[in-house]
Structures are given as C-alpha cells and as structure tokens.
Amino acid sequence: MKDGASRRRARRIVIGTVVVLALAGMNGPWLYRFGSAKYHEYKINKPEYKAENGHWDVIDFPQNMRLNTIHAALLRTGKILLVAGSGNNQKNFDAKKFDTRLYDPVKKSIKKIPTPTDLFCTGHTQLANGNLLIAGGTKRYEKLKGDVTKAGGLMIVHNEDPDAPKTIKAGTVFTGKENGKSFVAKDNITVERAKKVFDKATGRFLRNEPGLGRVYVEAQRSGARYETGTQDNYRVQGLTGQEARNVYGIAQKLALDKKDFQGIRDSYEFDPVAEKYIKVDPMNEARWYPTLTTLSDGKVLSVSGLDEIGQLVPGKNEVYDPKTKKWTYLKDVRQFPTYPALFQMENGKIFYSGANAGYGPDNVGRKPGVWDLTTNKFQKIPGLSDPDRLETANTVELPPAQDQKYMVIGGGGVGESKLSSKKTRLVDLKDPSPKFVDGPTLEKGTRYPQASILPDDSVLVSGGSEDYRGRGDTNILQARLYDTKKNTFKQVADPHVGRNYHSGSLLLPDGRVLFFGSDSLYADKANTKPGTFEQRIEMYTPPYLYRDSRPTLEGGEKTIRRGGSATYKTEHASSIKTARLIRPSASTHVTDVDQTSIALDLKKSADSVSVTVPKSRSLVESGWYMLFVTDDEGTPSKAQWVHVP
C-alpha cells in the first residue's frame, strides 16, 4: 500500500509538471506574472523587508459601513471621524443622504453618526477643548455646460434707502429694463440699508452709498433665448413708488454657462465624547472648499471658498470664537484660491505656501508669503520652483516645529491641466529674508501627494497621481520617507491602493498611518469608463514598529501648561532620546494645516522621563496632543494624550 501511494504521488507530480510546462509554453507571460506576484507577496511579508520598508494592510470594513470618505480627523478619544456628507454623489445630495462614521482602530468598531447637512467639501480644525470645528459644505452641486437648461448667474441687489434694510425673498422676480427678460431669485437675502456719506471737512451730506446684496437668479423658462449678453438694470416686481426707486438689481451676463458648486454658512462642533454634531452660529459667508486655521488665542480663521452663488468669496475672511460660538469678520480683505495652505507661525503671523486645491482665478492670491493679520500686510517669498503647478500640492511643516521649516510637495497646473510637478520646495521662515530652495525630487510629477509627520521626525510621503484626478490611469503606487536631517528621500514599501483627489492620511497614536479616499475621474487608461470612489482604508506600519522593542510611557499628568513639566514612568529611560507633542490631524484635499510636531525638553532618571512644554502660545496652540518619546534607534512609544490649556 505504501509503495502504491508513493507511485500515485509521483504520478501526480509528473502530471503537474507536464501541465505547468504546457501552460508555460502556451502562456509564459501569465506564468511569469503569477510567479512574480507570488514572489512579491512573499518578499514584502519577510520580517527583514518590513523592518527596512514597513508594511501596508487594507482594513476590513463591513460593506454596509463603507463610505466615500472626503474628510477625516483623529479625535482625542483615539477614534477617527470619517466624513462623506453626500460623498461627491449627486443622487445622495438630492436624497439628503449625508454620511459620517466613527472608527475605533483599537477595538475595530464602526459607528454611524447622524449628519445634519451636506458636509461635503467643508473645512475643519481641532479646537482647544478637543472638539472638531466644522464649517461650510455644499448647497448645490455644479452643473456643467450642456446640463444647464435655465440661464442664470449673479444679481447684485442695491438698496438706496438709508432708513431700513430690504428683504428679498426666494421667488422674487427681477425684470431687465433694457432686455425685458425676467429672472427669479433662488434664495432669501437681506440687503443692508444705505450709508449716508458726509464731507469730512464741512460735514455736508454728499450722497447715500447703497447697501449691496448678492443673490443667484435663474430665468423663468428654459432655453438659450433667455440668456443675456450685457449688463442691465433690473426692476424688482412687487415694489412701487419710492421703494421701487430705492431697490433694484444690476447683473452682467446671465447665461447657460457652467454653474459651480455653491457653499453653505452652517457650522458645527463635533463632540468626541458625546459623539455627535452640535450646531453653532453660522459663518457670515457661505463657503465651499474653505480652510480653517487655529490662531494663537484659540480662535479660528476661516478663509476662501465658493459662496452661496458659486463665486469665490471676495476676500472677506472671518474668525470663530469658541467661547461665544460666533463669527466676526476681519476688518481687512485678502483673497486666496480655495483650500489655501495657511499655517500659523511661531511669531503669530500666517504662512501661505501658495498650495491650494482648486477654484479661483490663476492670477489672484497664488503667490506664497507671510500674512500679518493685524496689519493685513503680505510679504511675498521668492524662489518657488514650478510656481504655476501649485494646485493639489501638499504642504507640511517639517519637524520639529521650532525650526519653522516647510516643504511644498508636487502639485499641478490650474484646473484640469495635465501639468504636474516632481519638485519639493523648502523654506526656512527663521531666515530674515526667507526664500524657497528645491529639496529632493520625486520620481514622477505628482498631484495630490499625502504627507504625514512621524514621531521620529521623518515625513511619510505617499500616493498621488501624475494627471488630474488620476486621469489616464496615472495613480502613483509609491511611498517615501523624508529624512529631515539628511534632506533625502528613501523609497519604502508600495501601497496597495492608488490615492488621488479626495484622499488623505492621519498619524495614529500607535505610530501607524491611516490612508483614506480617492476619487478617480476614470477607471481605465483610455478614459472611457467612469471612475468609482475608493472606499478602502489602508494602514501603513512604518519600519520602526518592526524592531525588537519600543519604549514604554506610563502614568503622568494629562494636562501640561506652557512652560510646565510632566513626569512619566518608563522601563527604557536610558535609551529615550527625544520627546514630541504632535497635534492630531484633520485632513482633506491635500490640506492638513493642523499637523505640527513640537520638540520638548527632556530629562531622564532611572525609571522615568520628564518633559517640558515650550512657553510660546503661537507655537503650542491650546488643545489635545499626542505625546511620543523615541529611543536612540528612532523607535517611538505609543502616544499618551495630553492637554495644553
């Protein structure tokens, strides 16, 4: 029996060999690819490969819990807020189907969160109390030329009455004095009363300066015959006598052109303990694609975006006060493209890298520089390479934050341009006359690169695409670690999932990095099949987590004041070399201005370490941080959550 079994086994081996040889003869490339894929899988899972290059894993999300993640933020509870809103899906928008999930990467639990409005393309930032401020979103989806059936556009409503404001209700009809065509207001607006203007020298009354309001109007009927070609004055139907003379509209061309997205004013704080959205005072301006930047006093600056009629907000920036939950305008005007990369500097001024994510004229607000909010002065910074390729570029504050150095990574031409940049650009803002210099180049021109600061002071740069929204199947399946001391890139393990538009990354308290989203325009190289949103979430485990051990950090204070110290128990005090406070990320559209890594002074004893927080309020903004220590090999501890009041 044993000999018979051996003969059968040998016969199977021979038959198998013949079949493999036959397949090889008929389909050699297939066999090569099969073998190559198997070998690659074997190689990337070898312990020595992981220790050198790290490892990627796709997270197993139940099908019914997946969503089109546009925005993500790490909360002080360690959970991750994944926000889709309508998820760039017109059908979801029309059905008022707005999604948010709360993901716990430790317990691997996922919870659905009721979402009050369409937070697609909102802005967000971490607040001092640990809440996440969310402001803006979508009022209307864009309509491409050809899909627009009713002529429409912007109507400027004038009110020359100095005694009272005027309310224009949705449905109000405006009729042109010259062209005789009628257009309907789509929203309610209130137009402020006129201001009386006096001669400063004599006090003599000169004129009434009309109050102005903006409203989107549409023709009453479909068709090209209702378009207008020139400016006209418009009577407001229903008004008579002096009121009709005081209140009127002026509009330029009202046409069947493409209509951009429209924004909303709504603002919320997401409470990570109650795990719900809390409505707060709305912004003064509607905004779609805004940037929110935390200031040294804990207030939040809101900049740019498309307004309620789909036009770039005309430089009217505003500030949110978490104490009063209200917004107030800045006194001066300054305009930027949408999602501008704006970072608070150590001196309290705002650094603008020139990077942005989309809408706005190609000659307005695109030069990088330093913005002084108190004077509204803007000092331009020269030397930026590929200055015409800053849309969809990423900007990261290099660690530690005290160095005040920034890197601008990749980017592309304005709009749907095919141009993309291989460049990284570095700037030292401590230099009395700062200027950009080139850093190490990327292998390919890269739009939408993701960048996450790691506790060992390296920066993980991954993903992106060569063309607009991955067009032409140009997703870049590569990742690199940037060495801030050597100013070099090292290529590491390749991600499994391509990431372009609507993607982002977050550093987690355990030292891993989570990647979300991607919204390719097409699904094939020939650009014939519509793309589908990438719902898979991927986790990168850096090489430092494949070493033999990592330092521990236990106990200690949960609150540390600026200039104050805290002591933590550890079994590895002798090997600990650095301590960092890293602010949790809030990421969207290659914009993550919350990211910062602050070096702490470090003292060691036999079984503990003490850390001291810098005194600067502009450097260390109030809020919750991850406290990491790293050993002499660069291996980080798991983070302790600490609060800086």
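# A walk through a predicted model

Aspartate 473 sits in the loop between E35 and E36. Its phi is near 55 degrees, a positive value in a residue other than glycine.

A word on what you're looking at. This is a predicted model, in which local features need pLDDT of at least 70, side-chain atom pairs count only at pLDDT 80 or more, and totals for chains, interfaces and linings use all residues. Residues are numbered from 1 along each chain as its sequence is written, and side-chain values use heavy atoms, leaving out hydrogens and water.

Now step back to the whole chain. The protein chain has five helices and 48 strands; these are DSSP runs numbered from the N terminus, with helices (H or I) of at least four residues and strands (E) of at least two. The chain's radius of gyration is 28 Å, close to the 26 Å that the globule rule gives for 645 residues, so the chain is as compact as a globular protein of that length. That radius is taken over C-alpha atoms, and the globule rule is 2.2 Å times the number of residues to the power 0.38. Along the principal axes, the C-alpha atoms fill a box of roughly 110 × 65 × 45 Å.

Among contacts with a separation of 6 or more, 61% join residues 24 or more positions apart, where a contact means heavy atoms within 4.5 Å.

Next, the empty spaces. Rolling a probe the size of a water molecule over the atoms shows where empty space is left. On a 1 Å grid over the protein atoms alone, a cavity is a set of points where a 1.4 Å probe fits but cannot get out, while a pocket is an open set with protein on both sides within 12 Å along at least five of seven lines; lining residues have an atom within 4 Å of a point. Grid points are joined across faces, edges and corners, and a volume is the space filled by probe spheres set on the points.

The largest pocket holds about 900 Å³ of space. It is lined by 36 residues, and Glu142, Tyr359, Tyr468, Arg469 and Tyr501 are the closest to its centre. Its lining splits into 17 nonpolar, 13 polar and six charged residues. In this scheme Ala, Val, Leu, Ile, Met, Phe, Trp, Tyr, Cys and Pro are nonpolar, Asp, Glu, Lys and Arg are charged, and the others, Gly among them, are polar.

There are also five cavities of 30 Å³ or more. The largest cavity has about 130 Å³ of space. Of its 18 lining residues, Gln344, Glu397, Val593, Thr596 and Glu621 lie nearest its centre. Strand E22 (291-294) and strand E26 (342-344) each supply at least two residues of that lining, which by class has six nonpolar, seven polar and five charged residues.

The second largest cavity has a volume of about 90 Å³. Residues lining it include Leu442, Glu443, Val461 and Arg480. Strand E35 (459-462) and strand E36 (479-483) are the elements that give two or more residues to this lining.

Two strand residues are worth a visit. Histidine 158 lies in strand E9 (residues 152-159) and counts as buried at 13% relative accessibility. Leaving aside residues up to four places away in sequence, histidine 158 touches Pro210, Gly211, Leu212, Asn246, Val247, Tyr248 and Ile250. Tyrosine 329, in strand E25 (residues 326-329), is partly exposed, at 39% relative accessible area. With the sequence neighbours up to four places away again set aside, tyrosine 329 touches Asn284, Glu285, Lys316, Asn317 and Glu318.

Finally, some backbone details. Most residues other than glycine have a negative phi, and most peptide bonds are trans. Asparagine 88 is not a glycine, yet it has a positive phi of about 55 degrees. You'll find asparagine 88 in the loop between strand E3 (80-85) and helix H4 (90-94), partly exposed at 25% relative accessibility. The peptide bond from proline 399 to proline 400 is cis, with omega near -10 degrees. Proline 400 is in the loop between strand E30 (394-397) and strand E31 (405-409).

Terms used:
Buried means under 20% relative accessible area, exposed over 50%, partly exposed in between (1.4 Å probe, protein chains only).
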